[in-house]
Amino acid sequence: MTGRKLSFYLLLMPLLLTLTLLILLPQLDMLGISMRERVSYGVYEFSLLHYREFFTEPLYWNTFLRTAVMSILATALTLLISFPVAWYIAKIAQGKNKNLMFLACLIPFWVSELVRTYGWMILLRESGVVSGFLQWIGVVDAPVEMLYNDITVMTGLVYASMLFMVVPLVSTLEGMDDSLVEAAYDLGGNHFTVLRTVIIPYAVPGIVSGCIVVFMLTLGNYLTPTLLGGKDSLWFTEQIFTQFITRFNWEQGAAFGVLLLCLSSLIVWLGLKLSKQSFKQALASET
Amino acid sequence: MIPSIPQSRAFQKTYTVYVCLFFMFLLAPLVVVAVFSMNDSVFPSLPWEGFTLDWYFADNKERRGLFHDGAIQESIITSLMIALFVAILSVTLAITNALLFERYDFRGKQFLYSLMLLPLVIPGVILGISILSFSSGIANTIEDSYGLDLEFLRPGLPLIVLGQFVFISTMATLVISARLRKLDTAMEEAALNLGASRFEVFTTITLPWLKPAVIGSAVVAFLMSFENFNTTLILAGSDSPLTITLFDRMREGSTPVLNAVSTLLMAGSGALALVSIFIQRK
Amino acid sequence: MTFDLECRNVFKHFGSFQAVNDISLEIPAGFFFSILGPSGCGKTTLLRMLAGFSEPDQGEILIKGKKMAGIPANKRPVNMVFQHLALFPMMNVGENIAYGLKRNRVPKPQRDKKVADVLERIGLPGIEKKSVNQLSGGQKQRVAIARCLVLEPDVLLLDEPLGALDLKLREQMKVELKKLQKAFGTTFIYITHDQSEAMVMSDQVAVMNHGRFEQVGSPQSLYYEPKTSFVAGFVGNNNRVAGIVESIVGETAIIRSNAGQQFKTAFPKIDLKAGDAVDLFIRPEAIHIRRDQSVTSENHINGQVENILFDGGNSQILVKDIDSSQELSVSLPQTREFNDLVAGDRVSLSWDMQQSNIFLSNKKRES
């Protein structure tokens, strides 16, 4: 059995190396950088200056809150919009249609986020397709600019997340035996009570896993708010990029990174607690 | 509700219309991008000026099509190389991880598994900046103490590959583990029982069984890498991958060449998707 | 004499659970040996130790006189047919059967010939190119067995391979397996929880419970002369009546059942004294049934038919003793005589006292 021992260590090593060198140490390093202040060239001191900066500068924490709220809202909207579609694919569509619809839901995944966002820009800009269509049917008589506002950003965010909600929902709902619904009706339920008491509780694992992934992707999104929201979109990831790339203020950027990570962990943790799901389960149903 | 439960026609109609609208919403931006790559106009917007393939093939002062745009072609090649490395690395790690988690029991397994899942819930930006700061830290230390400048620790292709590899390998691990879980351990025991060595069991039973998942996750890894933006933006050095090049151009102002590149990308991903579906069916 | 397979005082535990508890056995060459027991009795654990997938805590396993300790599964001269067969789905029939030969570096021409031969012998010639999924349940069984037999193992282990088949096919395969074993002359060790499989096919059966062998013997001896109340209850159908020894007259014991009836029974080979708590077992098929209630015999009950469990040749009736309301199940003879029997009819039951088995009751060992 020594051969088995040896192969165990050989298999363990790549994982440990990846985890330490690419996740744990970099994250700790980021935390370290966020808590230091440059005194002079190459000389640093421990300081919470960059966290203080965050709390005293309204722009920063406003952006932070706004990002959090918008992300939660986008997640909720995505769930609302996707659930009926997932149900349709899982339970109503049959045979070839079903496969086709499912594949169609995956299309956005196969197309770069950049291309998708670009598509929305062409649709919604002043000289865009929607504006042109509205003029043509006579609803408006001059071009309308639909880019650069919160509703557009929200549309883009929901659009970008849809697939990550539909897929886990479909796979959870497909696992549900139709006779559960039939039994519930047979025992006197109506559409609403069956949905509330049978279907949704059954779908919780899919809902949670979809929501976690969608929330994370939205919170960390950069392209959609920047391209569809324009300069004033006020998204927190933009702040991080600005600090790192434009201002070369890595300490401030790292502090923002740590804060964003705390926020996302907190919200994911709350979500898991409220739905009584484990982290492992929630992510396992993603595939 | 399910077909066996009676409900009003109006509800059914509304439901069907809703689902149709959803798919229109899903496809509209993609269709628009493709259509306007063939508009005979210098802006990808209305009015429709007629059909042209200039934005793909033309090469003159006013119009330089995609196939004559050196910068874009270079960045496509950069992206392809990154994606290839990421796919190979991710799938390799995914196979070893899957074997580790599905075939061995050891102390701290659950903890390690949760750690392995972590990259899925860390925003890409943060993965990017943490790796950047960590590797720069090392590079600076080495430069200060030994005077050596280690190029690969500075923003550039190797760092992009590592940054993407972190979360793409997690995805691949999930896919390949799921497949391995479905392999009855009796299969491997049967092979052992018929006289195969452990290594032979792996090459003749386990690996062939994993093949569809390996191909599938390699394709997905390739695409995820090719399309990645957030992590890549932070870690990119002088030769920028395609998404970064496109983003820069988009901020300068859109031209139909961007539509043409996008359309090409869609065609490429579509082809890749079809190939992987075809292979996995077989 | 060397046996094909020998176990000497084998023990195996998992945590505090003693899965295999002091098992010894000796199986001569060419035997069809079954290990019969309920699920969780340790039979699979024992089989896996024979195959080399786990090592015993104590004791030794010998195959053809050679100690197996430390020899890994892939080097042992035994092969195993798995519960769900474990045919490799990514290979066709020929590749499946050739798998072991290939691992032993048998050159291709010889390999192909051996595969063709073994397929011929199992009655499925020329199906090398078929995919495993194209085979019927019974064909899969035979291919799985051929995959092992082509390697000419000293012992073939079979882990309930018929479990997944439907009833009709299972009946067929029992006969088939027995024939295959005869034809190849290989020693078979077959584990199952289905007593009929064990009884029909085996030369010898070991009844296993809680990690121990309760009794090892021919199917007949297990049926007619069970040595423990577990065997009496597990092999074949049995009515179990709990009671107390009232008196002993020569070779006959008089039992007072807890419900108050009195029965006579012979008690060969066990020590009994008045006052012992005992279990009496009477097989449903050993009970005579008559409509005429006037006849008396050594064991006699006047009863009322409670229920008729019609199942063709295996039909039984439940009869309640009028005096004590004890229920007995009785095989219904298919001689047309009782075709019009209905619930509520009065019948008289009787049996020979040699036909019942008696054991000291041991509540602890029963579960």
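Tutor: Of the 367 residues in chain C, 38% are buried. Please keep in mind that this is a predicted model.

Student: How many helices and strands does chain C have?

Tutor: Chain C comprises 8 helices and 20 strands. Its C-alpha trace spans about 80 × 50 × 35 Å along the principal axes.

Student: And what share of the contacts in chain C joins residues 24 or more positions apart?

Tutor: Counting contacts with a separation of 6 or more, 66% are between residues 24 or more positions apart.

Student: Now the neighbour. How many residues of chain C are in contact with chain B?

Tutor: On chain C there are 16 such residues, and they meet 16 residues of chain B. Strand S6 (78-81) and helix H2 (93-103) of chain C each provide at least two residues of that side. H2(C) contributes the most, with 3 residues.

Student: What is that side made of, by class?

Tutor: The side of chain C that touches chain B has 10 nonpolar, 5 polar and 1 charged residues.

Student: Changing topic to chain A: what span should helix H12 have?

Tutor: Helix H12 of chain A covers residues 250-275, which is 26 residues, so at 1.5 Å a residue it should span 38 Å. The C-alpha atoms at its ends are 37 Å apart, which agrees.

Student: Which residue follows H12(A)?

Tutor: Lys276(A) follows, and its phi is positive, near 55 degrees.

How values were computed: Residues numbered from 1 in each chain as written. Chains lettered and ligands numbered in written order. Predicted model: local features only at pLDDT ≥ 70, side-chain atom pairs only at ≥ 80, totals over all residues. Contact = placed C-beta atoms within 7 Å. Helix = DSSP H or I, 4+ residues; strand = E, 2+ residues; numbered from the N terminus. Nonpolar A, V, L, I, M, F, W, Y, C, P; charged D, E, K, R; others polar. Expected span 1.5 Å × (residues − 1). Buried ≥ 20, exposed ≤ 12 C-beta atoms within 10 Å, placed from the backbone.
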